[in-house]
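Try each task before reading its solution.

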Amino acid sequence: MRALSRFALCGAAASLAMLGTTPPTRAAEPGLELPAYSHAYEPRTVDERGVWMEADEAERGLRDSPLRIREAGLEAYLREVLCREVGADRCAGVRIYAMEIPGFNASMMANGTMQVWSGLLLRSRSEAELAAVLGHEFAHFELRHSLTGFQQRRRATDAIAWIGLWGALANSDTSFTQNIIARGIYRYGREQETDADLLGLRYAASSGYPASTPAEVWKNLMAEEDASAAGRNQKSKQKYTAGYFDSHPTALNRSIYLAEAAAKMPAGGDARAREYRAAMAPYLPRFLAAQIKRNDFGGTEHILQSIAAASGWSPDLLFARAELYRTRGNPRDLQVAAQYYREARAAGYAGPELDRNLGLALLRNGQAEEGRQSLNAYLAAAPEAGDAKMIRALVAN
């Protein structure tokens with residue numbers, strides 16, 4: 001599964017949040033009743049204890065990772081969104097770790113650990129979109145998919161080993177039987193994804209967020225994938241029918257059945273887009289910088305235009321767009337990048353790196369005198385910068 005387009009990338013990390021007897025605290029609309037839930041659960045079986053031990057070790061890695069975003073209460077905000085989506089009773093025992101990784105992903109582990117990647121935060125346009133993804137991952141957790149997946153894989157491995165031994169003894173062909181086992185596993189994965197989609201939709205409809213949002217997430221991801229392919233002069237990689245060994249429903253299928261199910265539920269209310277933009281504003285430059293490093297011109301341009309469509313071309317967005325064109329580096333790109341740098345400055349971008357990168361783009365495009373002027377402006381603003389010696393050498397040449 002591609003990290004860009006599947007928010008169940010770590011559906012392997014799903015779930016031992018266990019079904020118990022405590023009713024949800026929120027009043028549910030008729031037809032939206034959620035399963036009874038208890039967060040006070042301890043693993044009982046050998047399989048459960050093994051999965052939890054692995055999850056505890058992985059959580060220690062997340063907690064101490066240099067990629068973890070610790071500033072300004074981001075993780076607390078993510079918890080608020082999750083709790084609004086699934087309810088305070090369900091989210092009470094969850095620990096959330098925000099990770100600076102530009103792929104589109106969130107996941108949960110069996111011990112109640114959730115990680116959220118910066119690529120998801122960059123692409124989400126509202127709290128409702130973020131909540132739809134978090135709710136889907138929590139649904140994997142609540143439905144105990146990591147445990148059942150582990151048991152399925154273990155049984156299949158045992159069966160394949162047994163068939164291999166029998167085949168060696170009987171001199172028989174085992175490939176057909178092995179394919180049947182593998183096909184069953186992958187089909188089961190699709191069923192898990194669908195179950196998590198639909199339970200996640202019930203969270204969304206019960207939360208007050210618009211019920212149509214989960215379907216919109218998949219439409220947005222398909223549009224980005226198409227833009228990414230176009231940027232590489234490739235045909236769209238969208239799949240409209242799940243293949244023999246595909247473990248997930250296609251994005252198109254998911255958007256369709258989620259939209260159909262949402263149409264039968266209360267419409268919901270505010271997506272809280274304004275609140276989401278305000279919460280993400282301090283992190284937007286670093287999220288954009290990480291995305292540009294992915295070398296995905298078409299996909300990144302699509303993301304920039306999507307953000308700008310909602311909030312306008314801010315100084316940060318204009319600077320990121322300039323960086324995107326400068327990174328691709330065709331002569332016409334360098335000319336366009338220089339224009340976007342100037343627009344970013346006019347819009348209020350004040351970082352000295354603008355003059356440095358504008359100067360580098362101009363020098364690379366043969367505009368030596370203007371390029372040196374920009375580099376000198378950078379050196380005047382940041383004389384002790386780590387790259388100041390290299391920039392002085394460029395100016396001298």
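**Exercise 1.** Is T300 buried or exposed, and which residues does T300 touch?

*Solution.* Start with accessibility: T300 has 2% relative accessibility, so T300 counts as buried (buried is under 20% relative accessible area, exposed over 50%, partly exposed in between, with a 1.4 Å probe and protein chains only). Then list the contacts (heavy atoms within 4.5 Å): leaving out residues up to four places away in sequence, T300 touches Q291, I292 and L324.

A note on the source: this is a predicted model, where local features need pLDDT of at least 70 and side-chain atom pairs count only at pLDDT 80 or more, while totals for chains, interfaces and linings use all residues. Residues are numbered from 1 along each chain as its sequence is written, and side-chain values use heavy atoms, with hydrogens and water left out.

**Exercise 2.** In what order do the three strands of the open sheet lie, and which strands stand at the edges?

*Solution.* First, read off the order, β1-β3-β2, with mixed pairing (two strands pair if DSSP finds at least two bridges between them). β1 (95–99) and β2 (106–108) each have a single partner strand, so they stand at the edges and one side of each lacks a neighbour in the sheet. Finally, look at the pair β1 and β3 (residues 113–117): they run parallel, joined by five bridges. Within this pair, I96 has M114 of β3 as its bridge partner.

Notes:
Helices (H or I, at least four residues) and strands (E, at least two) are DSSP runs, numbered from the N terminus.
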